[in-house]
Structure formats: C-alpha cells, structure tokens
Amino acid sequence: MPELPEVEIAARNLRRWTRGQTVERVETDPKARYVFRPSSPAAFAKAIAGARFGEIRRIGKQLLLSLERDDAPLGVLAHLGMTGKWLRRAEEDPETRFSRARFHLDDGAVLHFDDLRLFGRLRVLPGARFDEVPEVAALGPDPLERGIDVAALAAALARSRLPVKLRIMDQALLPGVGNIQASEALFRARVDPRRKGPSLSPREVKAVADGVLASVNEAIAREEGPEITYVEEPGAENPFRVYGREGEKCPRCRKAAIRRVVQAQRSTFFCPRCQR
DNA sequence: ACCCGTGTTCGCTG
DNA sequence: TCAGCGAACACGGG
C-alpha cells in the first residue's frame with residue numbers, strides 16, 4: 001500500500017537491513033522486464049552484484065539507494081508502484097510469490113523486491129546523481145523532511161481550478177501524497193474534495209496542510225511497530241477514517257454516511273456533512 | 001465474465 | 001504553450 005508512509009517505513013527498514021552490507025549476488029525475475037526498464041533484469045543484476053550499500057533517501061514515493069562498487073558510486077532509484085514492497089527473508093526461506101529481485105547480502109539475509117502488478121521500478125543510475133533524474137527533479141519538497149510551505153500551497157491552489165483533492169496529489173507540490181492520504185487529509189481538514197482550489201480560504205489551506213501531516217504521521221506511527229517486519233497483514237482492519245468506508249457512518253459526526261465519488265478515475269471518500 | 005485497484009507516463013486536445 | 005484528460009501499463013482478487 002505504498003504512499004508516503006509506506007515508503008518511509010520501507011526506507012527505515014532498508015537502512016537497518018542494509019547498513020554495512022555488501023550485495024553478494026542479485027537474482028531477478030526475467031519476466032519482469034517492465035520493472036527494470038529501460039535496462040533488463042539481467043543487466044540490473046549484473047550492475048548491482050558486488051556493490052556495498054550506503055545512504056538511503058526518500059523523497060515523496062521515490063527511494064534513492066546509494067551504493068558503491070570498486071570505489072565508484074552507484075545509485076538505484078526504487079519506486080514501489082501500486083503493489084511493491086521490500087521484504088527481508090532468510091536464505092532458506094521460500095521465495096515470495098511475486099518476488100522480482102532478490103539481493104543476497106553478506107549477513108546471509110535476502111532482500112526481496114516483491115511486486116504483484118509490476119508497476120514498481122528499480123533503475124540503476126551510473127553514479128549517484130539522483131538530482132539529474134527527471135522523476136526526482138520534478139518533485140516538490142518532501143512534506144515529512146521539509147514540512148509544508150503553506151504559502152506555496154495556497155499559491156498553487158489559487159493558480160488552477162482543479163479540485164483540491166487532485167491538486168494535493170500533485171507530486172510536484174506535495175510529493176508522497178497519494179489517493180488514500182488525499183482523502184484522509186481532506187477529511188481531517190473538513191474540506192470537500194470537490195472544491196476548486198481558488199475557493200479555499202487561508203484558514204482552510206492551513207487545515208489541509210495540517211491534515212496531510214497528521215494523516216501521514218499517524219500512518220507511520222501505526223505501521224512502525226516495535227518489531228518492524230513489514231509483513232502484509234491478511235484480513236487486517238481498515239485503519240482509515242474515510243478511505244474505503246463508503247456507506248459507513250462518519251466517524252466524526254456519526255450521522256452522515258461516507259460518500260464515494262470518482263475524480264480523475266480514482267475513488268474519493270468523504271463525509272458530505274463534515275466536509276464543506 | 002467482468003470490474004476494480006494505494007501509481008506514473010504518454011499522447012492528444014482545447 | 002501547456003494544463004488537463006483519458007488511456008495505457010500488467011495482473012491478481014472479488
């Protein structure tokens with residue numbers, strides 16, 4: 001379920017899992033060409049084998065892995081897409097079902113890049129020049145790392161008549177905010193997701209910024225348990241206030257039913273009574 | 001069978 | 001010129 005919180009958890013896990021580690025070998029799924037493009041699965045594996053992990057950064061939903069091999073810097077840009085996840089397994093554990101890349105580390109652990117739908121990306125960069133990658137250069141300041149510039153948010157909202165839900169999902173504005181966090185943030189801000197950007201008052205813009213941070217931070221706190229395993233909880237309860245809760249009673253007013261509308265081909269959930 | 005999907009990119013359009 | 005839109009990418013699950 002990768003939006004900013006899940007990618008942040010992945011970054012924290014990967015830092016612990018890779019600290020001081022060297023990649024002894026890499027196995028890749030030859031069918032997963034899409035994940036490794038414009039390279040190939042085999043070329044990716046060859047490029048990474050023997051490299052030592054260094055710093056790991058996250059900007060929005062992008063993970064920036066720095067490595068070094070033969071004293072030369074090397075980068076991997078990793079994106080989880082819709083269904084990607086990083087898992088740590090023992091050497092003797094069975095392969096995960098949708099494992100697309102396996103990094104065998106010198107401590108004996110295996111990091112799996114597991115991705116059912118193949119919208120995830122693993123791209124090798126010659127050197128670690130992340131700033132030169134268009135997808136990274138296009139991102140706004142990370143909300144978690146840099147906070148949210150309310151004046152900049154207000155200006156961006158004022159500039160176009162796009163519904164506020166779509167505007168706050170713009171990765172050039174608030175990188176990391178995805179479909180779930182956008183619904184959740186607007187519920188907290190008590191702002192109707194269909195409102196046009198310019199119609200928001202300064203107070204509402206501030207509430208949206210606060211709503212994004214509160215929702216993201218709560219999700220991180222929820223997912224970062226004492227023992228970080230990053231396993232998918234089967235049949236887990238929906239932890240969200242409105243997302244995926246069409247028809248249920250609003251958790252705030254306890255009167256209206258949560259509504260679902262479609263915006264830009266994506267589901268949006270909100271309380272028609274609380275959000276104006 | 002058919003529809004749905006937590007993300008990004010690309011081509012077309014007004 | 002460019003923001004905005006819809007389709008495409010790929011594939012399992014309900």
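**Exercise 1. Find which helix supplies the largest share of the lining of the largest cavity.**

Solution. Helix 9 does, with four residues. This is a predicted model. Helix 8 (179-189) and helix 9 (202-223) each give at least two residues to that lining. Now list the lining residues: Glu-184, Arg-188, Ser-215, Glu-218, Ala-219, Arg-222, Pro-239 and Phe-240.

**Exercise 2. State how many cavities of 30 Å³ or more there are, and how much space lies in the largest.**

Solution. Start with the count: one cavity reaches 30 Å³ or more. Then take the volume: the largest cavity holds about 40 Å³.

**Exercise 3. Sort the lining of the largest cavity into nonpolar, polar and charged residues.**

Solution. Three residues are nonpolar, one is polar and four are charged.

**Exercise 4. Describe how helix 1 packs against helix 9.**

Solution. Take the geometry first. Helix 1 (residues 4-18) meets helix 9 at an angle of about 45°, and their axes lie 8 Å apart. Helix 1 is therefore oblique to helix 9. Their crossing is right-handed.

Then take the contact. Helix 1 contributes Leu-4, Pro-5, Glu-6, Glu-8, Ile-9 and Arg-12. Helix 9 answers with Val-216, Ala-219, Ile-220 and Glu-223. By class, this contact has six nonpolar, no polar and four charged residues.

Last, compare the two lists.

Key. Residues are numbered from 1 along each chain as its sequence is written. Chains are lettered from A and ligands numbered from 1 in the order in which they are written. This is a predicted model: local features need pLDDT of at least 70, side-chain atom pairs count only at pLDDT 80 or more; totals for chains, interfaces and linings use all residues. Side-chain values use heavy atoms; hydrogens and water are left out. On a 1 Å grid over the protein atoms alone, a cavity is a set of points where a 1.4 Å probe fits but cannot get out, and a pocket is an open set with protein on both sides within 12 Å along at least five of seven lines; lining residues have an atom within 4 Å of a point. Grid points are joined across faces, edges and corners, and a volume is the space filled by probe spheres set on the points. Ala, Val, Leu, Ile, Met, Phe, Trp, Tyr, Cys and Pro count as nonpolar, Asp, Glu, Lys and Arg as charged, and the others, Gly among them, as polar. Axes are lines fitted to C-alpha atoms, for helices over the stretch in contact, and angles run from 0 to 180 degrees between N-to-C directions. Angles under 35 degrees count as roughly parallel, over 145 as roughly antiparallel, 65 to 115 as roughly perpendicular and the rest as oblique. A crossing is left-handed if the near helix is turned anticlockwise from the far one by less than a right angle, and right-handed if clockwise. Contact means heavy atoms within 4.5 Å.
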